[in-house]
Amino acid sequence: MDTVKIALEGEFAGWTAELRKQVTARILLDLESGDSSRSLNAFSKLVVTHNFKGLDGKPVDDVLDAPVDALTQTLEAWGKANQPDPK
């Protein structure tokens, strides 16, 4: 399985997540659906490992229990990491 490791910045410095590089058509459709619930559930299927914390500062098992800003930063970094190489 091909993955990419994402290191967050700013208030989430030190948080990391490993995400799948490849997605299924269904996950892509859900990510781009415009429906927050579908998008977040699809995003959670990409996450292989993480060290995210909840609002209380304690580690979370389910990535969806982490702050939305951390998830947004992770998804944006994943998208940038999956850009085609312009060679």
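Q: Where is Gly-14 found?
A: Gly-14 is found in the loop between strand 1 and strand 2. The model is a predicted one.

Q: What makes a residue a contact of Gly-14, and which residues are in contact with Gly-14 once neighbours within four places in sequence are left aside?
A: A contact requires heavy atoms within 4.5 Å. With those neighbours left aside, Gly-14 is in contact with Leu-8 and Asn-51. As for Phe-43, 29 residues from Gly-14 along the chain, the two C-alpha atoms are separated by 20 Å.

Q: What is the secondary structure of the protein, and in which pattern does it run along the sequence?
A: The protein has three helices and three strands. Read along the sequence, the pattern is β-β-α-α-β-α.

Q: How do you know whether the radius of gyration agrees with that of a compact globule?
A: For 87 residues, a compact globule would have a radius of gyration near 12 Å; the value for the protein is 13 Å, which agrees. The C-alpha trace spans about 40 × 30 × 20 Å along its principal axes.

Q: How many aromatic pairs does a search of the whole structure find?
A: The search finds two aromatic pairs.

Q: Why is the pair of Phe-12 and Trp-15 called tilted?
A: Rings pair if their centres lie within 6.5 Å, and planes under 30 degrees apart count as stacked, over 60 as edge-to-face and the rest as tilted. The ring centres of Phe-12 and Trp-15 are 4.8 Å apart and their planes stand at 50 degrees, so this pair is tilted. Both Phe-12 and Trp-15 are buried.

Q: What makes Trp-15 and Phe-52 a tilted pair?
A: The rings of Trp-15 and Phe-52 have centres 5.3 Å apart and planes at 35 degrees, so this pair is tilted as well. Both Trp-15 and Phe-52 are buried.

Q: Why can the pair of Trp-15 and Phe-52 be said to tie together parts of the protein?
A: Trp-15 lies in the loop between strand 1 (3–7) and strand 2 (16–20), whereas Phe-52 lies in the loop between strand 3 (47–50) and helix 3 (68–81); the pair therefore ties together parts that are 37 residues apart in sequence. Ring pairs link Phe-12, Trp-15 and Phe-52 into a cluster.

Q: Why is Thr-74 called buried?
A: Buried means under 20% relative accessible area. Thr-74, which is found in helix 3, has 0% relative accessibility and therefore counts as buried. Apart from residues up to four places away in sequence, Thr-74 touches Ile-6, Leu-8, Ala-17, Leu-19, Phe-43 and Phe-52.

Q: Why is Arg-20 called partly exposed?
A: Partly exposed denotes values between under 20% for buried and over 50% for exposed. At 33% relative accessibility, Arg-20 therefore counts as partly exposed. Arg-20 has its place in strand 2. Among the residues touched by Arg-20, not counting those up to four places away in sequence, are Met-1, Asp-2, Lys-45 and Trp-78.

Q: What makes His-50 partly exposed?
A: The relative accessible area of His-50 is 22%, so His-50 is partly exposed. His-50 lies in strand 3. Not counting residues up to four places away in sequence, His-50 touches Thr-16, Ala-17, Val-60, Asp-61, Asp-62 and Val-63.

Q: Why does Asn-82 count as partly exposed?
A: Asn-82 has 27% relative accessibility and therefore counts as partly exposed. Asn-82 lies in the segment after helix 3.

How values were computed:
Residues are numbered from 1 along each chain as its sequence is written. This is a predicted model: local features need pLDDT of at least 70, side-chain atom pairs count only at pLDDT 80 or more; totals for chains, interfaces and linings use all residues. Side-chain values use heavy atoms; hydrogens and water are left out. Helices (H or I, at least four residues) and strands (E, at least two) are DSSP runs, numbered from the N terminus. The radius of gyration is taken over C-alpha atoms; the globule rule is 2.2 Å times the number of residues to the power 0.38. Rings of Phe, Tyr and Trp (its six-membered ring) pair if their centres lie within 6.5 Å; planes under 30 degrees apart count as stacked, over 60 as edge-to-face and the rest as tilted. Buried means under 20% relative accessible area, exposed over 50%, partly exposed in between (1.4 Å probe, protein chains only).
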